[in-house]
Amino acid sequence: MDDAAPRTARSSLAWLVGASQVLGLAAVVLTGVWMGHYHGGFAWDGSSREFNLHPLCMVLGLVFLHGDAILVYRVFRNEAKRNVKLLHGIIHLLALIISIVGFAAVFDFHRAAKIPDMYSLHSWCGMATLVLFCIQWVMGLVFFLFPVASSWLRASYLPVHVFCGLALLVMAIGSCLLGITEKLLFSIMSTYSQLVPEGVLANILGILLVCFGVLLGFLITREEYRRPPNPEEESLSVHFKTLTEGGSPTMP
């Protein structure tokens with residue numbers, strides 16, 4: 001009877017994580033379909049097809065992979081924490097690389113087409129998100145993956161790191177929504193209000209992104225889905241603190 005609640009939590013976690021992956025992958029696929037079907041596909045030649053890489057990379061990197069990197073602490077609840085940290089960092093690095101490719105594509109396209117850079121709200125929010133994402137990744141590397149800070153400082157920074165990860169996901173989704181609207185107004189302004197297929201598809205993409213973000217926010221903030229404490233890891237942490245800071249471990 002006592003195990004009923006943990007079993008229910010594990011079951012609901014599996015279903016919710018699965019739903020988040022369906023939503024995230026659907027958003028990535030829909031972005032590819034939008035850019036491929038309605039705007040000619042992808043290339044790296046300075047043309048509008050190079051621009052098409054920008055929305056695909058942003059949705060894949062800053063939204064989907066970023067969200068999955070956060071979820072690893074919920075999915076791999078019983079794995080060694082060191083391994084989960086490493087996976088968390090690697091997925092974030094992959095997201096960062098893909099996002100930088102997306103930014104390079106749009107700047108290269110603007111340069112070839114002689115279009116001004118960084119004038120819209122979408123570009124400001126997107127650049128702020130990428131810069132803060134880079135800072136967040138470096139801080140996580142320094143504080144947690146290869147910690148050089150004291151255990152007290154790491155413990156103090158951890159809630160900030162968790163909050164910033166979720167805040168950056170919100171910023172990324174918000175920037176994507178601004179970008180979707182901007183692209184539609186540039187492409188189909190005269191027919192957008194008539195619910196043409198491209199506009200409907202892009203609107204559905206926006207809804208999927210919002211649902212993905214809401215579901216991840218729910219998974220991240222619910223106490224019953226948090227990684228359970230590991231007595232062995234806590235013991236190692238206490239002894240590490242004793243060796244490095246001269247404290248005295250508390251006896252059980």
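Select residues 53–75. This is helix H3, and it has a kink of about 30 degrees centred on Ala69. The bend at a residue is the angle between axes fitted to the seven residues ending there and the seven starting there. Helices are DSSP runs (H or I, at least four residues), strands are runs of E (at least two), and both are numbered from the N terminus.

Before going on, note that this is a predicted model: local features need pLDDT of at least 70, side-chain atom pairs count only at pLDDT 80 or more, and totals for chains, interfaces and linings use all residues. Residues are numbered from 1 along each chain as its sequence is written, and side-chain values use heavy atoms, with hydrogens and water left out.

**Stop 1: the kink**

Keep H3 selected and show the rest of the chain around it. Of its 23 residues, 20 are buried, so H3 is largely enclosed by the rest of the structure. Buried means under 20% relative accessible area, exposed means over 50%, and partly exposed lies in between (1.4 Å probe, protein chains only).

Now pick Ala69. Its relative accessible area is 0%, so Ala69 is buried. What does Ala69 contact, leaving aside its neighbours within four places in sequence? Select His88, Ile91 and His92 to see. Contact here means heavy atoms within 4.5 Å.

**Stop 2: the rings**

The whole structure holds six aromatic pairs. Rings of Phe, Tyr and Trp (its six-membered ring) pair if their centres lie within 6.5 Å; planes under 30 degrees apart count as stacked, over 60 as edge-to-face and the rest as tilted.

Select Phe143 and Tyr157. Are their rings stacked or tilted? Their planes stand at 35 degrees, with centres 4.5 Å apart, so the pair is tilted. Phe143 is in helix H5 (residues 121–145) and Tyr157 in helix H6 (residues 151–188), so the pair ties together parts 14 residues apart in sequence. Both are buried: Phe143 has a relative accessible area of 11%, and Tyr157 has 12%.

Together, Phe143, Phe144 and Tyr157 form one aromatic cluster.

**Stop 3: the core**

Select Trp34, Val63, Ile180, Leu205, Leu209 and Leu219. Within the largest nonpolar core, which has 49 residues, these touch the most other members. A nonpolar core is a set of buried Ala, Val, Leu, Ile, Met, Phe, Trp, Tyr and Cys residues joined through side-chain atoms within 4.5 Å. Which helix gives the largest share of this core? H3 does, with twelve residues.

Zoom in on Ile180. Beyond its neighbours within four places in sequence, Ile180 contacts Trp34, Ala202, Leu205, Gly206 and Leu209.

**Last stop: the whole chain**

Zoom out. Of its 252 residues, 41% count as buried. Take contacts between residues at least 6 apart in sequence: 72% of them join residues at least 24 apart.
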